[in-house]
Amino acid sequence: MDVLQGTLALMVLKTLDVMGPLHGYGLARRIEQISGDRLALNPGTLYPLLLKLEQEGAIASERGPSENNRKARFYRLTAPGRRQLQAEARDWQQTTALIDRFFAARAEDL
Amino acid sequence: MRALRRFFLRLTRSATRRQDEARLREELEDHLALQTDDYTRTGLSEADARRRAALTFGGVEAMKEAWRDERRLAWVEHLLQDARIAVRRMKQAPGFTLAAVATLALGLGVGSAVVSLANGLFLKPLPVDDAARLVIVDQTIPDRPLTNGYGHSYPDYLYYREHARTVSGLAGHYSTSPMQVVTPDGAFNVSGSVASASYFSVLRLQPALGRFYSAAEDDVPGAHPVAVLSHDLWRSGFAQAPGAIGSSVRINGTTFTVVGVAPKGFRGTLGGVSPNDVWIPTAMFGVGYRYCNALARGCNMVNLIGRLADGASIADAQAEIGVLASQLAAAFPGTNRNRGALVRAARGIRIENQAREAPIVTLLGGGAALVLLVASANVAGLLLARGLRRRKEIAIRRALGASRGRVVRLLLVESIVLALAGGAAGFVVAIWTMDVLRGFFGVSYVGGALNVDFALDLRVVLLGAAVAALTGVITGVAPALQASRSDALPALKQETPGAGGRRSRLREGLIVLQVAVSVMLLAGSGLLVRSFLMVHRGPGFDPDAVVLLRLRPSLVGYTNERSWAFQHEVIRRLEALPGIVAASPAGSPPLPGWNRQADVGLPGTTGEAADTLTTGMVYVGPRYFRTLGCGVVQGREFDDRDSPDGAARVAIVNETLARRLWPDGRAVGNSILVSRARHEIVGVVRDLQYLNALEPPQPAVYLDFWQQNRADNWSADAQLHVRISGPPATLLSTISQTIGAVDPDVPMSDTRTLGDRIDYQFSQVRLARGLLLGFGGLAFGLSTIGLYAALAFAVGQRRREMAIRLALGAARSHVGTLVFRHGFTIVGLGLAMGLAAAILGAGPLLASLLYGVSPRDPLALLAGPLVLGIVAAAAIWFPARRAMTLDAVDVLRSE
């Protein structure tokens with residue numbers, strides 16, 4: 001299943017929020033895991049997105065040692081990123097709630 | 001905010017073009033390594049694990065592309081790429097580049113110079129703090145132009161200063177006062193200003209040394225003779241010594257104490273006149289202005305400059321000061337009836353001078369715009385031709401998948417880069433041109449620098465760059481569209497496009513335009529050349545043999561009696577000198593615009609307006625016409641018989657006035673009333689005026705200088721005319737020594753030959769002639785080259801067609817005729833259009849600059865176009881000859 005435009009950023013932010021700092025590969029794995037392997041993340045989508053988020057100031061990154069003693073770039077959520085996540089999560093919930101009402105609607109209810 | 005931050009990050013990365021992809025590579029490697037680790041953990045061999053990892057990873061190049069797109073702005077990147085290609089192409093074709101850049105540099109540079117001129121004359125604010133809030137308040141007089149900048153009386157100024165709330169400060173000044181300043185280092189004939197104490201605070205000036213005078217020192221008339229010197233005068237008059245403060249100087253015969261030195265570079269608030277070197281309080285007005293009591297109502301000599309109060313606009317100030325003016329008009333109907341006030345921003349030179357310079361600056365601007373048009377058309381022609389030569393390259397780009405838009409953008413960027421280079425080189429041209437223009441607009445008639453700043457400022461540079469970029473777009477757009485349209489296949493097969501077609505019609509249209517504009521400019525300059533020749537021939541005497549000088553004994557407090565004795569003595573000693581033919585005083589020099597006016601009538605009539613003629617009137621001394629070297633037609637001129645105190649007042653009339661009053665009789669011996677006083681006519685002289693083409697000769701009457709009313713303030717000073725036989729340079733110093741021997745204190749100024757004065761008086765004609773000739777020559781050169789290039793190119797394109805014609809038996813002369821007909825059609829169209837435009841436009845545009853020449857003068861109009869036609873024929877001849885000498889077999893074999 002493809003990732004809906006714009007929702008991948010939200011997933012990245014939320015994952016970093018829950019899991020703490022992660023490297024790109026770990027982030028991809030986590031997102032796939034959380035989605036119950038219904039998503040397959042293309043690195044070609046992920047890394048440019050990480051760059052974009054970093055340029056916007058939502059995340060920051062630095063090099064550090066990974067679990068099996070490799071070096072990797074770790075991404076973490078910044079304070080503006082956390083605020084952005086909260087705002088976007090709220091928007092998302094409102095949108096889905098709204099869409100749900102439409103799908104639940106039957107002719108006789110109206 | 002976020003988007004903005006990202007935009008700037010990407011912009012800087014695009015601009016610096018850091019190819020830093022290390023981070024991406026690092027991320028990819030980390031990702032692969034981690035994935036491989038995962039696969040090995042599931043039991044795969046090392047090699048298989050790496051293979052699977054690479055497989056799941058996907059296309060690296062596409063990923064790099066996406067990454068790059070995130071890093072920077074694609075369009076900026078592409079633009080820079082195009083610009084780099086453009087610069088590379090410019091280097092590849094240095095000849096073309098040089099021609100195009102030089103052509104555009106001329107067109108843009110001349111324009112920048114005229115813009116810089118207009119900026120200095122009309123727009124620049126004063127060089128003081130927060131000058132944008134400064135306003136000037138002029139008096140308005142019914143039926144007089146608003147551009148005359150009339151001053152107010154001193155009591156009116158005080159009333160405005162007292163009651164106006166929309167201005168936070170109001171200063172009064174009179175800034176064209178001639179001041180003879182005697183300092184320890186010598187006597188200086190400078191221009192000074194009588195200014196209120198508030199002048200310095202309104203302008204927010206800080207003294208370079210000492211202090212400015214206070215309001216208390218500007219209160220009681222005559223009580224505080226204190227002066228502020230300019231930095232320049234402090235340097236030349238006091239060798240920049242700090243001891244200047246507190247020392248005494250004599251200004252126009254009155255002793256003043258120097259209290260301060262103005263900041264360096266400040267030369268007064270009045271632009272376009274001689275810069276100020278001295279400031280004295282308004283309470284000392286009598287020293288700086290002598291013709292009416294400047295502190296009395298009705299003597300409107302005070303110019304006002306003020307600073308808008310916080311929050312007030314010019315409209316607010318106009319509303320309030322307008323009301324104050326009507327209050328004054330009601331309270332003092334004798335002096336202020338119907339007078340109003342006009343508030344305007346303080347920018348540019350003095351408003352009268354702005355009005356005087358506006359027409360010629362407009363003319364120059366029009367000329368510069370036409371030159372730019374010709375230059376642009378020329379470069380567009382070059383680009384079109386180059387587009388044809390680049391068909392193959394463009395076809396390849398298209399074949400490789402570049403969209404037409406992308407190709408157009410590439411070509412447009414090329415022409416914009418070309419134009420920007422031209423614009424940059426144009427500033428060098430602008431600085432040269434500005435040096436020429438400064439010689440006309442920045443110099444007074446005696447050669448002194450005027451208070452005006454023409455330096456290029458940021459606004460001019462930015463405008464120049466914007467015009468250059470726009471020129472790039474305009475010259476580039478048609479060639480780019482044409483070139484990108486080309487069909488890939490025939491272009492790749494190297495087929496030559498046939499003759500004719502839209503492409504060559506566009507080029508030919510551009511040449512017609514260039515020829516037309518050149519003809520217009522050349523015809524206009526032809527008229528001005530004729531006009532200038534008429535000016536020099538006009539007076540009918542040799543103006544270079546007449547020296548003019550201005551003596552002003554009244555400045556050093558001479559009474560009129562003493563001044564007359566002084567002038568008689570000066571003339572007596574001068575006429576005794578070898579090399580001097582005659583010397584005579586006059587009220588004004590024989591130049592247009594200097595005459596006073598008088599009402600002339602015949603005796604026995606009422607002397608009312610209906611029975612009189614308004615004529616020019618000049619007081620001239622004995623032997624005046626001999627001094628000018630201008631013949632007396634009838635009777636005699638004034639001589640020593642005409643005693644000042646004799647009962648018989650004498651007059652001389654010019655031919656026009658004589659004809660007007662006695663259409664068929666002798667004038668000499670008759671009497672006329674000049675301003676109701678009876679005068680006997682002793683002589684008739686030739687019309688001496690310079691004539692504007694559109695005005696008939698004006699009647700003039702000459703009265704005896706020594707018979708004028710001695711109580712008249714003006715009579716104390718005279719313009720002395722001296723006829724010399726010999727080189728002016730050596731005699732000028734002898735003359736000033738002789739006068740200095742009579743009284744060294746009397747200021748003598750404006751010493752020039754009449755020829756120099758005429759040159760200055762007609763400097764606008766001279767300037768317009770020079771520049772239109774220059775512009776016309778430029779346009780002419782460009783269009784001739786353009787014509788030659790276009791025809792040579794057309795012949796090159798039609799080589800095959802012509803070879804076939806020749807092979808089929810056409811005569812060689814026939815092929816030549818084809819080219820000639822082609823060329824002359826273009827030139828003929830251009831000539832006809834240009835001449836029509838010149839005839840329609842010259843009248844209204846040049847009328848005020850034409851003296852003794854009709855705007856439809858055929859000789860002047862046709863001379864330039866004729867030369868152009870001849871040169872154009874030569875430009876056509878060479879390509880035609882090439883067509884006629886074609887070797888048909890060679891051509892057909894080679895294609």
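A search over all chains of the whole structure finds 33 salt bridges, a salt bridge being a side-chain nitrogen of Lys or Arg within 4 Å of a carboxyl oxygen of Asp or Glu. Side chains of opposite charge can pair when their charged atoms come close. The model is predicted: local features need pLDDT of at least 70, side-chain atom pairs count only at pLDDT 80 or more, and totals for chains, interfaces and linings use all residues. Residues are numbered from 1 along each chain as its sequence is written, chains are lettered from A and ligands numbered from 1 in the order in which they are written, and side-chain values use heavy atoms, with hydrogens and water left out.

**Salt bridges within chain B**

- B:Arg89 and B:Glu393 meet through their side chains in a salt bridge (2.8 Å, N to O).
- B:Arg89 lies in helix α5 (residues 74-92) of chain B and B:Glu393 in helix α14 (residues 391-399) of chain B, so this pair ties together parts that are 304 residues apart in sequence. Helices here are DSSP runs (H or I, at least four residues) and strands are DSSP runs (E, at least two), numbered from the N terminus.
- B:Arg89 is buried, with a relative accessible area of 18%, and B:Glu393 is buried with a relative accessible area of 18%. Buried means under 20% relative accessible area, exposed means over 50%, and partly exposed lies in between (1.4 Å probe, protein chains only).
- A salt bridge also links B:Arg386 with B:Glu414, the closest N and O atoms being 2.9 Å apart.
- B:Arg386 belongs to helix α13 (residues 351-389) of chain B and B:Glu414 to helix α15 (residues 404-441) of chain B, so the pair ties together parts that are 28 residues apart in sequence. Both B:Arg386 and B:Glu414 are buried.
- B:Arg623 forms a salt bridge with B:Asp640, with the closest N and O atoms 3.5 Å apart.
- B:Arg623 is in the loop between β14 (613-620) and α20 (624-628) of chain B, and B:Asp640 is in the loop between β15 (632-635) and β16 (650-654) of chain B, so the pair ties together parts that are 17 residues apart in sequence. B:Asp640 is exposed, with a relative accessible area of 62%.
- Through shared partners, salt bridges join B:Arg89, B:Arg386, B:Arg390, B:Glu393, B:Arg397 and B:Glu414 into one network.

**Interface of chain A and chain B**

- The contact (heavy atoms within 4.5 Å) takes 25 residues from chain A and 23 residues from chain B.
- About 2,400 Å² is buried between chain A and chain B, and carbon and sulfur atoms give 52% of this area. Buried area is the accessible area (1.4 Å probe) that two parts lose on being put together, summed over both.
- A:Tyr25, A:Tyr47 and A:Gln55 supply 31% of the area that chain A buries against chain B, more than any other three residues.
- The rule finds one salt bridge across this interface. The side chains of A:Arg63 and B:Asp30 meet in a salt bridge (2.8 Å, N to O).
- Four residue pairs (both at pLDDT 80 or more) are in polar contact between chain A and chain B. A polar contact is a pair of N or O atoms within 3.5 Å; within protein, one must be able to donate a hydrogen and the other to accept it, and residues adjacent in sequence count only if both atoms are side-chain atoms.
- On the side of chain A that touches chain B, α2 (24-34), α3 (43-56), β2 (59-65), β3 (71-77) and α4 (79-104) of chain A each supply at least two residues. Of these, α3(A) gives the most, with nine residues.

**Helix α3 of chain A**

- α3(A) has 14 residues and reaches 20 Å from its first C-alpha to its last, close to the 20 Å expected at 1.5 Å a residue. The expected span of a helix is 1.5 Å times one less than its number of residues.
- Of the 14 residues of α3(A), 12 are buried, so the helix is largely enclosed by the rest of the structure. Its buried residues include A:Tyr47 and A:Gln55.
- A:Gly57 follows α3(A) and has a positive phi, near 90°.

**Two further positions in chain B**

- B:His152 lies in the loop between β1 (134-140) and α7 (154-163) of chain B, and B:His152 is buried, with a relative accessible area of 1%.
- A polar atom of the B:His152 side chain lies 3.5 Å from the backbone nitrogen of B:Gln139.
- B:Ala47 is found in helix α3 (residues 46-57) of chain B and counts as exposed at 55% relative accessibility.
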